[in-house]
Amino acid sequence: MIKDYRILFILALAGFVLLGASLFKAFDQDFTKHQKNYYKQLDVEDYTVEIKQVNVKTPGKVLIDRCQSCHIGASNPDAAGFEPPLAAHPPIVPGVEKDPHDFAKIGCVVCHDGSGRDLDIHAAHGELHGWPAPLLKGEIAQANCVRCHAMEDGTLAGAEHYVKGQELFLEKACWGCHTIAGISSSSQAPELTDAGGKFSFDYLVESMVDPSANIANSKMPTFGWVHDEETVAAIATYLKGQQKDRLRSADSAPIGYIKPKSDLARIDSPSVAAGRSLFAGAPYEGSVAKGGCVNCHAIRNSDGDLAGGNIGPELTWTIRSRGSKYVKEHIVNSRSHVADSIMPTFKDYNDAELESLVSYLSTLDYKLGSKTDGPKLYDTYCVSCHGEDLNGEGKIAAMLDPLPRDFSKYQFVASYDKRFKDSIRDGVKGTAMPAWKDIMSDQQIETLVGFIKDKSLSGHDGFRRMEVTLPAIGDKERQDYRNKGLVVEAGNPEDGHEAFQKFCTSCHGKLANGKGPNAYDLEHPLPRNLINAAFMNQAAVNDARLYESILLGVAGTPMPAHDHLSDQTILDIIAFIRANTTEEAK
Amino acid sequence: MNELIEMAKEFGTKLYYSFFRHRLDNTGLTKSKIMFSNVLLHIQPVKIHKRSVKFKTTMGLGLITFYLFLILSVTGILLMFHYVPSTAIGPDGLPDAYSRMLNLRSNVFWGGFLRNMHRWAAHGMVAFVALHMLRVYLAGAHRGGREFNWVIGCILGLLTVFLSYTGYLLPWDQLAFWGVKVGTEIAKIAPGGALIRGILLGDTDVGSEALIRFYVLHVAVLPAVMGFLIAVHFFRIRKDGGLAKPADTSKEKQIPDEEFGEVKNNSVFKSARSYKLVEIVKGKEPKVNEEVDQMMFAWPKLIVRELIVLLGVVAFLSLISVLFDAPLEGPADPNHPTNPSKAPWYFLGLQELVSYHGFIGGIVIPGILAAGVMVLPYIEIFFESFTKTYRKNIPGVWFAKERNLENALFIGMYLFMLSLIIIGVYFRGQNWDTIYPWVHEVTGGGH
Amino acid sequence: MAKTEKDGKSRRELITLGSAFGLMGLAAAGTGGALFKYMFPVVSYGTPQKFLIPLDDLPDVGDELIFDDMKVVLRRQTETEVAAISLVCTHLGCTVNRVETGFQCPCHGSQYDSDGLVVGGPAPKTLPWLEIKNVPGGQIEVDTGTSMPEGTFYAVV
């Protein structure tokens, strides 16, 4: 029996000790230590250690704020030199004798987030997994100025970091894709009106630096400025401040405006200078910076130095290659020309602003001399899209749809080199390829084609492709062997639709938009978007070409030959594709 | 003076006998009286088979489960003082139920500790129910007239899981919300599951109605049913003659008599055997001969051992609760699912199965497991009757040779579920993709 | 010999068992104490009992300032002396109004003079004068849970 009793005793002892441990843990709270330390440093002897709670009263809400149990010296100027957490809070509003923020009334959480009820440092600072509002330290806390202060009509003193973020949001053209109510309207990308209410600061930063980190299939480009921590932090602070759920409405907001913000002036008379400002995202004569083309598009000055973003095509030649009407339409709605362009629609620009942009772009006149050799031509005009290795992977290629042609596939070059000259001269409609005829002379174009052919075909033996002709309808001489020798009739779009669903959708998609399930496994080039009307309706894409591409496949691409289809079926498919892209279908 | 002492003695004696109905000596009569005159002890027999107190017999698993239930009841009632089952958004923008969790953590002395105790005890109870069931099966203790008690035990096990599951929602944090959400989505697959889900949730989705219903189930309905069934479970063990044991235990090595505490014989007959109490137990005749030699007084050995188990459970739970805080994520947000969304761990095996095939994983396999396991003893009887197999009755024997096949199958089933749960908890990451816990942090719940 | 050995054994048993139960009793007592404390929230969820006033916000000498939320009137006698009087009627807890003659309760007509002494109505006691403490950092702290004798002024720095 004694053995049992001993076990009982030991377990009772263990239980007793653990009870003590749990009680100790309940009693042992950080603020006790901090408060004792604080009063000791101040030489105060008569004090009680207690939880300092502020009930922050806002219309409809009472925030419980116990932060000053540890941060007890926050509003005591004598504690300025103390170690954290006891130190006095630095002044919030610069240049005033007495800071208007009284921490005994507003507490800490209002600005700094975190969990005001908690007393444990990790819990209180919102470091526990999943806490929706982690602590905002230092300047970042300016995100919460607008929880109480209305910013619509002024600039808030002490919120410089936030204001800088606001300016950067416009300057960096974020507004082109993202909506923030009252600032911008665009349905291109997720709305950010409640960005601060939904996301943590770190999430916002991460989403800018690496757009695919949080949304795997994000289409947001990675901008060049994301490596500048200050810029990112300022924009994230601004975004963190975008919260639908405010503590004060605009009319009950405390005053605190020092310098009135300029009215949102719009440009009403076109000028090159205005266009330059818009292009750079800089304010122009008191207007708000609402441009920033340069974040995506690069331009060349007259010495040929390139500067700007790597997301959209270079714009040095855009007026010369596209014409100003096209450029204006493209700014307002890029999809009217290029079906799959990712460029945001800047539909808010007025005519004067569009005109300014066009006149600014017209001033760009860099051009190569007429005796320039192939490599130099290629390196200037082609390389940003088609890449140094001619493989269609230039630095801006990733954001283009369709992707630039890959000339490293020699089969393609060998089969279709006759088209190259026309494509360069007149451009390829519905894609990012412009017409170069006003920039390059015919002789330069031939030099360029020669350069591409030499580079692509060297080291490869020739590639011979079968020649086929489009069957003539009703031609009794030509028999459709796979269709039991029947005479070929005009294509029937309905039969074509059926055949398309059977043979084409895995790559080209049910909608024929080139986004079939197998397209995800392909890299370069991707299946053609067959409802890109601008592309499909240009002269070079005739029925003969479609027939050849379907029957024999496209050399140097994943498009395989379909010689198991009868001529009639192919014609039906062509009819179906055509029916999709007629004017009525659009 | 002496008179005073006499008077005091008399007073003391009367006081003592007003509380207790027994003396304090080593006689068999006292030991019997202690057991049957004490409300907490009379549930147990005065005399027990010696093997009942051996560790090997039960490993205390059923008892641990019962103690966990008691601890859960006590801590649960205490937590109710500080809890409101409401999703109304409070003054500081958090749902009421959730801000109560924050209060427990920061503004209630010992609140965090009690919540930890409750949480870990709940998980422990599910685990120990499973272990207890495994023990009972492998020792064949579900046979020999105890088949129906096995069914009751299975119902108790399901109740435990359901209690744990209903409690999982109450903190109203992301973990709770999405854990329960996933669980009820699994329920949808079953025939009539949508109906049951509707009754449980009181709405088309997990929301404030669900919280109230889960709360009522958790604090009133289920514990009441559970308490009643526990009483039936214990009563039947008692009426079936205590713990299951083989017909002949004379060959077994037992704890020596002196370990059960000394028994003075103050009978007038001076014969040790004649005074031993005869139990009313199942069987053809009162067991007198060798069986009686194997019986011992329950007081004090059994009671002390039970107390040891209780203290062990409390001490271990306290240790866990001091060291590890119960999880609490951000407040429930129906618009932002956690990725992955995992049900509590005891449902993760199911969730894993469902991820392969909705019908087979969600209905067929769990149906076989729940219903099949429940009627397992009857299946055994069925086969024995219809194949005319005579198997020596071997309840209470670990890994009896005659039962190798069943035991192997049963262990196999446990291993199968266990591995599914381990995969679900540790090897599933975002979008239910396979991850390795040593490469990626395991998130999304399960605990 | 055998008898003493047996006695010794049972005494050891008794001591072990006794101390085990003693420890369990202590633990139970500790648990009871903890649960007692468990029943009271550490800080009340309602209006806090104590509140801070920056020295800059004190009323002028000879003037008063009423804090509606806290139901307190702060009175400044001299440059350095202030007192705080509770505005909670000692009768049934209504908030009294400041009138020219002192304080008047709107609920049952209790009347107090300007020092809070009862001059009429059902009020049983003087309005409580509250304790004021200096808090580092140029603030004073009024504790609405205290009750000082009337006329208790505190020196503020």
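Q: Helices (H or I, at least four residues) and strands (E, at least two) are DSSP runs, numbered from the N terminus; on that basis, what does the secondary structure of chain C come to?
A: One helix and eleven strands. The order from the N terminus is α-β-β-β-β-β-β-β-β-β-β-β.

Q: How do you know which features of this predicted model count?
A: The model is predicted, and local features need pLDDT of at least 70, side-chain atom pairs count only at pLDDT 80 or more, while totals for chains, interfaces and linings use all residues. Residues are numbered from 1 along each chain as its sequence is written, with chains lettered from A and ligands numbered from 1 in the order in which they are written.

Q: What makes E9(C) and E10(C) a strand pair?
A: Pairing takes at least two DSSP bridges between two strands. E9 (residues 129-135) and E10 of chain C share six and run antiparallel, so they pair. One of the bridges puts Glu131(C) with Asp143(C). The two strands form a hairpin with three residues between them, and Gly137(C) in the turn has a positive phi of about 100 degrees.

Q: Which strand does E1 of chain C join, and how many bridges are there?
A: E1 (residues 50-54) is joined by five bridges to E10 (residues 139-148), again in chain C and antiparallel. Phe51(C), for instance, sits opposite Val142(C).

Q: What does the UniProt record say about residues 50-141 of chain C?
A: The unreviewed entry annotates them as "domain: Rieske". Positions follow the numbering used here, feature names are shortened, and annotations may be inferred rather than shown by experiment. In the model this span is 0% helix and 46% strand, and its end C-alpha atoms lie 7 Å apart.

Q: How many residues of chain A are in contact with chain C?
A: 25 residues of chain A are in contact with 23 of chain C. H1(A) supplies the largest share of chain A's side here, eleven residues.

Key. Two residues are in contact if their C-beta atoms, placed from the backbone, lie within 7 Å.
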